[in-house]
Amino acid sequence: MKIALIGASGFAGSAILTEALARGHEVTALVRVPTRLEARSGLDRIAVDALDSQALADALAGHDAVISAYSPGLSHPEVEETFGRAASALVTAARLSGIPRVLAVGGAATLEVAPGLQVLDTPDFPDAWKPVARGTARVLAALRAADDLDWTFLSPSAHFEPGPRTGNFRLGKDQLLVAADGSSAISSADYAVALLDELERPQHSRQRFTVGY
C-alpha cells in the first residue's frame with residue numbers, strides 16, 4: 001500500500017514507520033522537519049503542517065491510507081486544544097482528498113476500567129498527563145462524529161513504552177486490557193504490529209480498539 005504517515009519522527013510514529021517499511025509498504029512521512037528522518041528505501045519525506053487541512057489534503061491525495069501519529073508534545077502550552085485542531089484538520093483533509101482509510105494513534109486514558117469509569121477519571125491518573133489525555137479524547141470524538149469516513153482509532157495499554165517486537169498480544173475494544181499479574185502494557189513495536197495488521201486486514205472499521213499483553 002501507499003501510506004501517508006503523520007508524525008513519523010515521533011515515538012509511536014517511528015515504530016509504525018519501521019513496521020510499515022519492513023512489510024514492503026511505500027510510506028510518505030508527513031512531518032514538520034523531514035531531515036529528522038534518515039533516508040530509507042520505500043520512504044518519501046515531506047514537510048507538512050498537520051494543522052493546515054488544505055496542505056494536508058494535498059499531501060494525502062493518491063494514498064491508500066493515512067495513519068496519524070500526531071502529537072504536539074507533553075510540554076506544548078495548548079496541548080489539548082492543538083490535538084483538537086489537528087483532529088479537525090485530519091477529518092477535513094481526509095474528506096477533501098478522498099483517502100479510503102484513516103487510522104489514528106490514540107491514548108489509553110479513554111479506555112474503561114469499570115463500566116462508565118475511564119482511566120482518565122481514576123484517582124491515580126497523573127495530572128501532568130491530563131491535557132494530553134483530553135487531547136487524544138478529542139481525536140476520538142472527532143473521528144466518531146465523522147461517519148462518512150472509514151476510520152480506526154487504536155488505544156495502547158496503560159504503559160506504552162519502547163520494547164521488543166514479539167507479535168504476541170491481545171486485542172480488546174473499549175476496556176483497558178490488564179494481564180494476570182495486574183500490569184497493563186504494550187511495546188511500541190507490538191503496537192505498530194497491531195496497527196499495520198488492522199490496516200492490511202480491517203476488523204475495526206469506524207471503531208476504537210486496544211492492544212495489550
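**Entry 1: His204**

I started with His204, which is buried, with a relative accessible area of 8%. I noted the cut-offs: buried is under 20% relative accessible area, exposed is over 50%, and partly exposed is in between (1.4 Å probe, protein chains only). The model is a predicted one: local features need pLDDT of at least 70, side-chain atom pairs count only at pLDDT 80 or more, and totals for chains, interfaces and linings use all residues. Residues are numbered from 1 along each chain as its sequence is written, and side-chain values use heavy atoms, with hydrogens and water left out.

I looked up where His204 sits: in the loop between H5 and E12. I keep the labels in mind: helices (H or I, at least four residues) and strands (E, at least two) are DSSP runs, numbered from the N terminus. Which residues does His204 touch, not counting residues up to four places away in sequence? I found Trp151, Thr152, Leu171, Lys173, Glu198 and Phe209. Contact here means heavy atoms within 4.5 Å.

**Entry 2: Arg206**

I moved on to Arg206, found in the loop between H5 and strand E12 (207-212). Arg206 is partly exposed, with a relative accessible area of 41%. I checked the backbone too. Phi of Arg206 is near 55°, a positive value in a residue other than glycine. Most residues other than glycine have a negative phi.

**Entry 3: the sheet**

I traced the strands next. Eight of them form an open sheet in the order E3-E2-E1-E4-E5-E8-E12-E10, with mixed pairing. Strand E3 (43-47) and strand E10 (170-172) are the edge strands, each pairing on one side only. On average, neighbouring strands of this sheet are turned by 20° against each other, direction ignored. Two strands pair if DSSP finds at least two bridges between them.

E2 and E3 run parallel and are joined by five bridges. Val31 stands opposite Ala47 in E3. E1 and E4 pair in the parallel sense over four bridges. Leu5 has Ile67 as its bridge partner in E4. E4 and strand E5 (residues 101-105) also run parallel, with four bridges joining them. Ser68 stands opposite Ala104 in E5.

What about the two faces of E4: which residues cover each side? I noted Ala65 and Ile67 on one side, Val66 and Ser68 on the other, and all are buried.

**Entry 4: Thr28**

I picked Thr28, in strand E2 (residues 26-31). Is Thr28 buried or exposed? At 5% relative accessibility, Thr28 counts as buried. Its side chain makes a polar contact of 2.8 Å with the side chain of His63. A polar contact is a pair of N or O atoms within 3.5 Å; within protein, one must be able to donate a hydrogen and the other to accept it, and residues adjacent in sequence count only if both atoms are side-chain atoms. Not counting residues up to four places away in sequence, Thr28 touches Lys2, Ile3, Ala4, Leu5, Asp44, Ile46 and His63.

I also looked for a helix by this strand. Helix H2 (residues 53-60) lies across strand E1 (2-6), E2 and strand E4 (65-68), running at about 165° to E2. Axes are lines fitted to C-alpha atoms, for helices over the stretch in contact, and angles run from 0 to 180 degrees between N-to-C directions.

**Entry 5: helix against helix**

I compared helix H1 (residues 11-22) with helix H5 (residues 188-200): they pack at an angle of about 60°, with their axes 8 Å apart. That makes H1 oblique to H5. The classes are: under 35 degrees roughly parallel, over 145 roughly antiparallel, 65 to 115 roughly perpendicular, and the rest oblique. The contact includes Phe11 and Ala15 of H1 and Tyr191 and Leu195 of H5.

I then took H3 and helix H4 (residues 130-145). Their axes come within 7 Å and cross at roughly 20°. That makes H3 roughly parallel to H4. Among the residues making the contact are Phe83, Gly84 and Ala87 of H3 and Gly135, Val139 and Ala142 of H4.

**Entry 6: Arg85**

I ended on Arg85, which lies in helix H3 (residues 79-97). Arg85 counts as partly exposed, at 48% relative accessibility. How far apart are Arg85 and Val139 in space, C-alpha to C-alpha? I read 9.0 Å, while in sequence they are 54 residues apart.
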